[in-house]
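I am opening a notebook on this structure. The entries below record what I looked up, in the order I looked.

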Amino acid sequence: MTKSNSKAYWKENIRYLFILLAIWFLVSYGAGILFKDALNQIKMGGFKLGFWFAQQGAIYVFVVLIFVYVRLMNKLDKKYGYDE
């Protein structure tokens with residue numbers, strides 16, 4: 001692997017990380033705190049949606065984002081020749 005190839009790999013990896021962490025931040029902080037009053041108008045499973053996002057939704061989104069990250073990294077590894 002060339003040095004420019006490895007720099008491109010890490011640049012793309014960091015970009016994926018920032019995007020996925022931004023999504024998690026928006027869901028956990030935005031939906032659970034900033035937009036909770038608007039979301040509390042909707043009920044899910046007997047609980048207000050803002051409360052649900054603050055207690056459960058952010059965790060579920062985080063777990064889904066882990067699987068998305070694994071899939072993205074597998075594709076990135078193949079793209080740059082780091083796969084097994």
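Is Val 68 buried, exposed or partly exposed? I looked it up and found Val 68 partly exposed, at 34% relative accessibility. I use buried for under 20% relative accessible area, exposed for over 50% and partly exposed for what lies in between, with a 1.4 Å probe and protein chains only.

**Ground rules.** I am working with a predicted model, in which local features need pLDDT of at least 70 and side-chain atom pairs count only at pLDDT 80 or more, while totals for chains, interfaces and linings use all residues. I number residues from 1 along each chain as its sequence is written, and side-chain values use heavy atoms, with hydrogens and water left out.

**Elements.** I listed 3 helices and 2 strands in the protein. From the N terminus on, I read the order as α-α-β-β-α. Helices here are DSSP runs of H or I of at least four residues, strands are runs of E of at least two, and both are numbered from the N terminus.

**Overall form.** I looked up the radius of gyration, taken over C-alpha atoms, and found 17 Å for the protein, whereas a compact globule of 84 residues would have one near 12 Å. The globule rule I used is 2.2 Å times the number of residues to the power 0.38. Along the principal axes, the C-alpha atoms fill a box of roughly 55 × 20 × 15 Å. I noted that 26% of the 84 residues count as buried.

**Helix packing.** How do α1 and α3 lie to each other? Helix α1 covers residues 3-34 and helix α3 covers residues 49-80; they pack at an angle of about 170°, with axes 8 Å apart. The axes are lines fitted to C-alpha atoms, for helices over the stretch in contact, and angles run from 0 to 180 degrees between N-to-C directions. I therefore put α1 and α3 down as roughly antiparallel. That term is for angles over 145 degrees; under 35 counts as roughly parallel, 65 to 115 as roughly perpendicular and the rest as oblique. In the contact of α1 with α3 I found 21 nonpolar, 6 polar and 3 charged residues. Nonpolar covers Ala, Val, Leu, Ile, Met, Phe, Trp, Tyr, Cys and Pro, charged covers Asp, Glu, Lys and Arg, and polar covers the others, Gly among them.

**Residues on these helices.** I placed Tyr 16 in helix α1, and at 16% relative accessibility Tyr 16 counts as buried. Val 68, from my opening question, is in helix α3. Val 68 and Tyr 16 are 52 residues apart along the chain, and their C-alpha atoms are separated by 9.9 Å. For Tyr 16 and Phe 67, 51 residues apart along the chain, I read a C-alpha separation of 13 Å. Phe 62 is also in helix α3 and is partly exposed at 35%. From Phe 62 to Arg 15, 47 residues away in sequence, the C-alpha distance is 17 Å.

**Salt bridges.** How many salt bridges does the count give? I got 2, where a salt bridge is a side-chain nitrogen of Lys or Arg within 4 Å of a carboxyl oxygen of Asp or Glu. One of them joins Lys 79 and Glu 12, at 3.3 Å from N to O. Lys 79 lies in helix α3 and Glu 12 in helix α1, so the pair ties together parts 67 residues apart in sequence. Lys 79 is exposed at 54%, whereas Glu 12 is buried at 13%. Lys 36 and Asp 37 also form a salt bridge, with the closest N and O atoms 3.1 Å apart. Here Lys 36 is partly exposed at 34% and Asp 37 is exposed at 52%.

**Record.** I checked an unreviewed UniProt entry, which lists residues 16-35 and 50-70 as "transmembrane region". Such annotations may be inferred rather than shown by experiment, feature names are shortened, and positions are in the numbering used here. I found residues 16-35 to be 95% helix and 0% strand, with the end C-alpha atoms 25 Å apart. Residues 50-70 are 100% helix and 0% strand, and their end C-alpha atoms lie 28 Å apart.
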